[in-house]
Amino acid sequence: MTGVFARGGLLAAALALLAAPLAAQTRTISGKVLEEGSRAPIAAAQLQVTGTALGALSRDDGSFTLVNVPAREVILMVRRLGYPMTRITVGVSQSSLEIVLKKDVLNLDQVVVTGQATGISRRNLANDVATVSGADVNKVSSQSIENAFQGKIAGAQISQSTGAPGGGNRIRIRGISSILGSAQPLYVIDGVIVSDVSIGSGTNKVTRAAGTGISVGNQENPVNRIADLNPNDIENVDILKGSAAAAIYGSKASGGVIIITTKRGQAGKPKFSLRLGGGTSELAYRNGSRKFNSVADAVTVFGASITPFYDANRVLDYESLAYGNTPMNSDVSLNVSGGSEDTKYFMSISRRNEEGIVENTFARKTSARINLDQRISKRLNLQVGNEILNNANDRGLFGNDNAGNSIAYTLTKIPSFLDLRRRPDGTWPVNQFYPSNPLQTIDQFKNGENVWRNITTSRLTADLLASDKNTLQFIAYGGVDLLNQSNLIYSPPTLQYEPVDGLPGTAANSKSTNIQRNMNLNLVHGWTPQSSLKITSQLGTQFEQRSLNQTRASAQNLLGGLEVVTSGTVRDVDESRLEVEDFGVFAQTEMLWRDKLLFTAGARADRSSNNGDVEKFYLFPKAATSYRFTDLAPGLVDEAKVRLAYGETGNQPLYGQKFTNLDLSSVGGLGAFRVGSVRASSDLRPERQREIEAGLDLNVFRNRGTFAVTGFRRNISDLLITRTLAPTSGFNSETSNGAEMQVTGAEVSINAFPIQTPTWGWNARLNWGTSRSKVTNLPVAPFLLGTLQTGAVRIEQGKSATQIYGNDTLPQAGGRVVVPVLMGDGNPLWSAGLSNEVRFKSVSLYALLDQQKGGMLANGTWRHYDLGQNSRDYEELDALGRKLGEVRRTNYLQVTRIFYQNASYVKLREVTLTWDIPQKWVAKTWSGASGAKLSLSGRNLYWWTKFRGGDPEAQNFGAGGVPDAIQRNRELAAYPASRSYWLNFSLDF
Amino acid sequence: MTTFRHRQARTLLFVAACASIVACQSADIANFNSPNTSQLEGSPNAATVNTTVAGVIAGSRSGAGTWASTLGIFGREIMNLDGAEPRNVLALLIGPLEPGGFGTDAGWSNSYRNLRNAYTILNVVDAVPDYTAAQKSGVKGFVKTFMALEYMNQLRVRDTFGLVFEVPKDPTVQGAFITREEAYTKTAALFDEARTDLAAAGAAFPFTLTTGFTGFNTPANFVRVNRGLKARLEVYRGRWADALTALNESFISTTAGTTAGFATGVYHVYSTASGDAVNPLFDPAPRAIVAVPEFLTEARLRADGSRDLRATTKAVVGTVNLATQGISSNVRPIVYPTNVTSIPIMRNEELILLRAEANIGLGNRAAAIADLNFVRTNAGGLPALAADFSGDLVTEMLYDRRYSLFFEYGHRWVDSRRYNRLGNLRKQLPSHRVFPLVPIPVDECNQRLAAPPKGCVNVLGG
């Protein structure tokens, strides 16, 4: 079907190419492009004579020359990033002109992606699409780009699953979108889908957090691999939040789409930009621990054998001992851009070295990118990009554990008088009261991870037809994202906990390869039947293939203490594979009338090997409209836009969900089959989201501010649910489509530039978002995800999909009774970000506050301090004269909310003080330099919260089978959060 | 120039056509990580079914750790003092036991998963082309014996809460809860059906069995295991005469009062081979599992003043004193000295004690005393009971069962309940409770909200 069309279209285009217009009388136009106010020359502005293929780029001094211009009145289109697109009519006799561009502080003319290969200027956009510029991303050095998004996008919740170097985050855009499927957004770099896979490390073999397998990813706080990207290469990021905007990405877009555009070269002599950063970080929150006032107290908790270890005068701060490393961090990057009009390049190299607050932990990221733009012929343009990355880290041994060795977990059990510090002779004291000595674990445990990754993107544009009224372009994108991750876990036999199972020493060696390939072919037709009407249509196909292979080997009882798994006597291997192939066809048309009324309609049909019926195409339509009012109340409301959009997206079933496994095992040397515990439904299909979004955008006070408000409602049907089956059926659960859910929400963003003078500048941004979910149809009985004793999500018709139930104890005639009660909701009521940047001459101060209101989280770390009878306020008395910790410890299984708390917080997320070193000083020092900056910045400097036990953001994993898509509702022994400080110097030359 | 443009157009055309053709073929990607049940449910061959029979043994083995540990904690044989999982104390010793609470599953899901596996075999076995009629019978007899064992395992845990017997082929259709008595009747009938099948199973099974079945790996020998298990069930429901009948056809033997003689039986085996399991009760340090402190001190004295051999060979005072939540113990069980030590499914020592119990029930004191003496003198090194012993034989028998079968199957808890002696189990702290039975797990309750089974309640204990 598409093949046939493409063939027809291309033939027509080929014919058009042949009929090249004959040259009539021509003339030459020359001139200069300048910035309004400063009258600084603007280089690399794109000039094009409309209706022709004639064009030029302005030079470094802003000058340009256009030759062979028809000798009639022509319209000149001027485009330059950061400035509004301008059309200038050039009279028949005019041969030189000065073009003055006004800086687009509100980004109204920025082109936002609306189709696979098309976009529209923000001025007309019918959806709420958030954009974060490269400069905003790089305000303060961050572990991963998502950290740099925190507080900057209305309606996005970004939480960090661990404070460990190297990152590990979760983004949820516009609330929950799935119960069981993936809830992560789709990442697209330069038109090519890239992977955000999380691959476990293999520490489960040591911690046994969930069974005895080598790796259980969700318990190991893995890095989600978008963290590999180098933020310095980013030009800007568009976030398509809802289905209405993301429909063109079809069945992979239900979690939103994050479109990253990397920097590209600009013609001219090479321009270098160097950034040097250095910094450090420190522990952000302390739990404290109990001070045992007498040996009798200690004996009550640890038994009589503690007596010789007790010393009333010794009070050790184990959090300082374990988390007191003062790291030396660095972040260095160098990029260069330049080229000729036909060949432009952008190259960058960078290295970020971050050490952790725990000794021997680190993340080292090195990357090199080259982006090349080549004009092959007048009508053929090729852009390629290639980035090679190496990301190595060691994140220590943290998180949940059932073997007594996770560092943060063990700290909760160590009384402050017990001395476990290394002895002068280099040996480590044995912790007689718990299986491990965390200080020894920090010293000796290795959790090495090394990722090599190569991302190649390419874009080929062919102008098949360019007449006054019609343009036809063929745009092809293709790319490969190749990722190799290796993990080596080495737990030497000398570690205290190692001989506990009789098999001293554990090694686990894993190799994983993720390959993602895609190709995307588009025909884009532009039709301008009259000057006030422009219709852009596109038709395309997208083909994607992804595979993930993981092989793991582990060994215990390491002879000679070697790291190699063959030195172990007890070995285990594990391999898992995943392969998915998707194909989609899409078409859309966009109609713009008088630059005021926009109407878009489109559809995408998708097929995937993950669906039960692999042949079937699922259709995802969309439609949107917007209208601009330009002369409402000049000076007060300069411009208003109303917009309405509807769109559908899908969420694919995961690989393997459509099969009922015959599990493999071995019993005494015999191979064994067991019917799997999860029953599949053979007709699995994508979840479907139907979203309607309406909004109002205002430009006010002579374009000194924008105000946007958006409301949305999303109905999700065919929700994949792992419905719990009665265990007496022999299955735990069955995966099927069935439930329906509704998510309603609103977002507001305000962007203001109240003061913009050469001396003073102030800009402020506020974003706010809220969303609520409701299960509207549940074909099965209400069910719990998780257990009541530690808090469970209850899926129930008519109720929020994130409501959390727990136990409570109620008085009853003749005693007390334990009953399940609603404790609250896991989803925050709202989240907001507020940033302010104040500039005085060349010094500016920027600060970002990030707030979350509401949301419940189980504080596991605090609970474990209590269970170890070791919490800082354990002995304080309540109103009834009972010990606080004792009451909590002995009642929490019956009163779950004791350790379930409101996770509201306000964080001072980013602060930067920048000094733009005056040009004359810079030039005096080195004539080649064109600009320099010095800045001092900090991330996560302070937070205000009532949540006790650590970072209210640190949601490590969903407790007791709560899927990630719903909530990670538990904080437990994660690598602690830290504050970081940076000093940066940047130089352009 | 013209040719060049032609070529460009043709290249583009070619690229587009290629992409479309590649993509027009839908990809039916297989399950790379596991075979699918369709392989078993379609038209299975003997090899597939034989492998699935091994799966039934593997499934039964998956429950073994639970019986000895969870029921062992309830019956005050052992304690789990894992500092990382305090619910082993807070939930299992203090409680209340709640349907959604820690430890309440107590093998429920695993038992029914194994039953599902077994029923799937029964559904297809008659259609397997490369089995003889006798081999089909052998498969049925073996599988049914293990099914009956699963029902009996759950009856031990849920007692009067009853259980679900039917496992319908369509998993969305729920089997009905039946009472304990009905379940006893049906389970006994299933053991008998299995015996009939085994009688028609010829000289050999078509499948291979693990080394845990050495001596019992032919239909003729395995039927004696079936009878032994049936005897356990009959004793549980107090049908003493039926128990004796079954015991007579079992592998009971009093020819050798040796360790090997008592150990004769069938076992779950473990290995460190990849994909296999290791003994879940092996905890050498110990990190979590300790015997209750009184296990050694309550053991009876031998003539030389030392303790019952069954105590001293099964637990020792260790160097590590585990303490958590206010209780502690330094008594380390050594029943499973390695991580590949087998766990018994049933062994001769239990059969002899079952016979003693049946005889006590029937009033045959002499026969009972003879069997008790055989065990306690040979295995425990204790003085024999006098032939005219006039004390409470139940107390004597329960003592022997406690020490003979320590940390094997959670026997002490079940036995204490059967004789209304849960009150005799020692609580480490006044806040501790002894639970008579375990609620039905919440996942089951949630699926039956319209007619909640009576076991969907908290058990407060006493």
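Helix 8 of chain B is mostly covered, with 15 of its 18 residues buried (a residue is buried if 20 or more other C-beta atoms, placed from the backbone, lie within 10 Å of its own, exposed if 12 or fewer, and partly exposed in between). Helices here are DSSP runs of H or I with at least four residues, strands are runs of E with at least two, and both are numbered from the N terminus. This is a predicted model, in which local features need pLDDT of at least 70 and side-chain atom pairs count only at pLDDT 80 or more, while totals for chains, interfaces and linings use all residues. Residues are numbered from 1 along each chain as its sequence is written, and chains are lettered from A and ligands numbered from 1 in the order in which they are written.

Let's stay with that helix for a moment. Just after helix 8 of chain B, Gly238(B) takes a positive phi of about 75°.

The largest nonpolar core has 226 residues, and Val53(B), Val143(B), Ala148(B) and Leu247(B) have the most contacts inside it. Such a core is a set of buried Ala, Val, Leu, Ile, Met, Phe, Trp, Tyr and Cys residues joined through C-beta atoms within 7 Å. Helix 3 (residues 46-74) of chain B gives this core its largest share, 12 residues. Beyond four places in sequence, Leu247(B) touches residues including Ala231(B), Ile252(B) and Leu351(B) (contact means C-beta atoms, placed from the backbone, within 7 Å).

Where the chains meet, 83 residues from chain A and 88 residues from chain B take part. On the side of chain A that touches chain B, strand 26 of chain A provides the largest share, 10 residues.

Chain A also holds an open sheet of 3 strands in the order 44-43-47, with mixed pairing (two strands pair if DSSP finds at least two bridges between them). Its edge strands are strand 44 (900-902) and strand 47 (970-971) of chain A. Strand 43 (residues 856-859) and strand 47 of chain A run parallel and are joined by 2 bridges; Ala858(A) has Arg970(A) as its bridge partner in strand 47 of chain A.

Finally, look at Glu740(A) in strand 35 (residues 733-756) of chain A. Glu740(A) counts as partly exposed because it has 18 C-beta neighbours inside 10 Å.

Key. Contact = placed C-beta atoms within 7 Å.
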